[in-house]
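Please walk me through this two-chain model by question and answer. Keep it brisk.

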Amino acid sequence: MRGRMTMETLKLTIDNKQVEVEKGTTILDAARGLGIDIPTLCHMHLHDLNIENKPGGCRICVVEVQGRKNLSPACITKCDEGAVIRTHSPRVMNARRTVMEFILSDHPKDCLICPKSGHCDLQDMANRLGIREIPGQDIAEMSTYRKDTSPSIIRDLDKCIMCRRCEMMCNEVQTVGALSGVNRGFMAVVAPAFEQNLEYSPCTYCGQCVAVCPTGALTEVDHTRDVLRAIVDPSKTVVVQTAPAVRAALGEEFGMKPGTLVTGKLVAALKELGFDYVFDTDFAADLTIMEEGTELLGRLGKYLKGDKDANIPILTSCCPGWVNFFEHNYPDLKDVPSTAKSPQQMFGAIAKSYFAEKINVRRQDMVVVSIMPCLAKKYESQRPEFSVDGNPDVDFSISTRELAHFIRQANIDFNNLPEMDFDRPLGESTGAAVIFGNTGGVIEAAVRTAYELYTGKKLSRLDFDELRGMEGVRQATIDFDGFPLNIGIAHGLGNARKLLDDVRAGRSKFHAIEIMACPGGCIGGGGQPLHHGDSSILKARAMAIYEEDKNKPVRVSHENQYIIQLYKEFLGEPNSEKAHHLLHTHYFDKKSKIIIKQ
Amino acid sequence: MSSIKIELRKEDVDKINEICDSFNNEPLELINILHKTQEHFGYLPAEVQEAIASRLNISTARVYGVVTFYSFFTMTPKGKHPISICMGTACYVRGAEKVLDEFKKELSIQVGQTTPDGKFSLSSLRCVGACGLAPVVLVGEKTYGRVAPDDVQAILKEYE
């Protein structure tokens, strides 16, 4: 094999501009290098995550290559030496327009009321190509596929343009296998097996299909009206919690640069919207660390004594997409994940017990709303085990995108809001809790606390750079005062599968594993502002999260004064009986849940 | 989508596994595996597709995608007397479509379906090489030539 030093290059001309590129480069990438933005629709490339979708299916990106009879799709055609390419000849522009007209001919024209309106790649493309009429649309047959509403995601396949991005995310990146292209010709759709509803498929509700859908075919279930109804009901005390990843992304919806932290404005907006108490899921993240960290140390103690049933490695359990994934795919390992509930659910359980008692409000009169970067959280909040006598611990979970809509509807000038602080007691949090939003963050937070509790010593450094980064699977060994703690990290469910297969086969050398379902962690969640294929946005959000951690006066969970108070006044010790009752859960074998519905 | 709920017996599962094994459980051989399996069961009900997916360690959605892409594969068991109407060029221009419509009307089923009593199923095919007899209808192994819509009732009566 030759070294990478001798990279082969070739020269070509695009729109009369000379360019030299590495052999194997596509015309699309070569053109973009020259600042020529060839339009694309089905193509998507998340560079930093190594995720690419290029079925070459939509044909919007066709260009004219001199000497070739047919136009070539730029996204899948590799550059040839000496090629002369034109990206906007009359022939190309005509073809592009015709392709677009065909795509639009059977597409619903209800853009005015479509949930994707204003964020739709198809709408943008129609606008960019100046499509003002669609020949033959009066005779075009329209698809009338049934709408499928699950607890988290709505599928409206009449709006599907068969770009196959969702299919790629579901199968190649997440290895969930809920979706596939089925049927053929005009009847072709992307659907679960036997065209059942998503609910009866192995779908984890991670929402990565929604995050990449260019149209209104895949959207989240909108709960903003339910929240508004609760806010205006004078008999209800409405408590809101916001996840860490939300503050690092919400600003994008209001034109701010990706990576702008809007924590203070977010609190102000929620107060403006009329929530009675504005709290932070980060408080519950600190609580999670107390419970999960204690559980880790407990299992580790057994393991070091040679107990075979110690259940090492321990797996994190904060991510509901991940929980759904192992319930469907690894039910035989359901004793391995931590029994700690996710921060969202811990928050709900504490709000409706400890806090409700404190302010003397009956459970039924309290409504807990969560703002999440996530669509799986909607499903999680509806799990029957997370309710008391039919009253859920978390009543409604809305996404970052839904919150942005809500803020706009309420005439709130987000950009000019003052910075406000969370209410107490459930609004206090540490830097350890903030980093829950990034891949590697939960385990870093756990290490900070577990180290100090295990060794009885103060950490000399709090930044564990070896646990950070965007690589899909990472590993690190942290010295616990002579004991080498092996840590594994995976983000994206396909990467999680690799670590899980090792655990199942008894090959895993890790003591603790963190898994987040979404690429990048919660900052890349299915409920976040759409990245439209730009992975630098995810990186900017991750940086913002670490910045917030740095700026926090307290950066280890066990030093959160309000957490200490919560244990003193209410829970007793971490992993106490009361803590177990309120803050821990158990898992189910969902393999058999895949029902064939007639 | 229409499928009949069946309970797979142990020998059915064993047969599916045997077919998959004979192709080294290779997902790229899915089409051949489906072929062999349909040959054995006569059709590919949902449970059979799930068993194949599980054996090959691929998603059931992917198996279903292939089953629904190729018209040769069917999720409906064929009737006791499968009826095929040739829709090749010669038969078509001599009125095969009208004959097909008559069968649909008489049996109250569409192409690809089976009557609720399991007696007849309806399919269309392309050219049986008997263009001189157009339009041609096959019922099981028996061939009927120069069929007119008016003949349909009489043909069906033969099988009562």
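Q: Which domains does the assignment give for chain B, and how far apart do their C-alpha centres lie?
A: This is a predicted model: local features need pLDDT of at least 70, side-chain atom pairs count only at pLDDT 80 or more, and totals for chains, interfaces and linings use all residues. Residues are numbered from 1 along each chain as its sequence is written, while chains are lettered from A and ligands numbered from 1 in the order in which they are written. Chain B has domain 1 (10–69) and domain 2 (81–157), with bounds from an automatic or database domain assignment. The C-alpha centres of the two domains lie apart by 30 Å.

Q: What pattern does chain B follow along the sequence?
A: Helices (H or I, at least four residues) and strands (E, at least two) are DSSP runs, numbered from the N terminus. Chain B holds seven helices and four strands. Its C-alpha atoms fill a box of roughly 50 × 30 × 25 Å along the principal axes. Read along the sequence, the pattern is α-α-α-α-β-α-α-β-β-β-α.

Q: Why is α2(B) called oblique to α3(B)?
A: Axes are lines fitted to C-alpha atoms, for helices over the stretch in contact, and angles run from 0 to 180 degrees between N-to-C directions. Angles under 35 degrees count as roughly parallel, over 145 as roughly antiparallel, 65 to 115 as roughly perpendicular and the rest as oblique. Helix α2 (residues 30–41) and helix α3 (residues 46–56) of chain B have axes 12 Å apart and pack at about 140°. That angle makes the pair oblique.

Q: How many residues of each class make the contact of α2(B) with α3(B)?
A: Contact means C-beta atoms, placed from the backbone, within 7 Å. α2(B) gives B:Leu30, B:Ile33, B:Thr37 and B:Phe41, and α3(B) gives B:Val48, B:Ile52 and B:Leu56. Ala, Val, Leu, Ile, Met, Phe, Trp, Tyr, Cys and Pro count as nonpolar, Asp, Glu, Lys and Arg as charged, and the others, Gly among them, as polar. The contact has six nonpolar, one polar and no charged residues.

Q: Which helix gives the most to the side of chain B that touches chain A?
A: Here 12 residues of chain B contact 15 residues of chain A. The chain B side has five nonpolar, five polar and two charged residues. Seven residues come from the top contributor, helix α4 (residues 60–69) of chain B.

Q: How do the residues of the contact of α9(A) with α15(A) divide by class?
A: Helix α9 (residues 281–304) and helix α15 (residues 441–455) of chain A pack at about 55°, axes 9 Å apart. They are therefore oblique to each other. Among the contact residues are A:Ile289 and A:Leu296 of α9(A), and A:Ala446 and A:Leu453 of α15(A). The division is eight nonpolar, two polar and one charged.

Q: Which residue in the turn between β1(A) and β2(A) has a positive phi?
A: Two strands pair if DSSP finds at least two bridges between them. Six bridges join β1 (residues 9–14) to β2 (residues 17–22) of chain A, running antiparallel. A:Leu10 stands opposite A:Val21. The hairpin has two residues between its strands, and a phi of about 50° belongs to A:Asp15.

Q: Which residue is the bridge partner of A:Arg155?
A: The open sheet β8-β9-β12 of chain A pairs antiparallel. Its edge strands, each pairing on one side only, are β8 (148–149) and β12 (218–220). Three bridges join β9 (residues 153–155) to β12(A). The partner of A:Arg155 in β12(A) is A:Leu218.

Technical notes
Contact = placed C-beta atoms within 7 Å.
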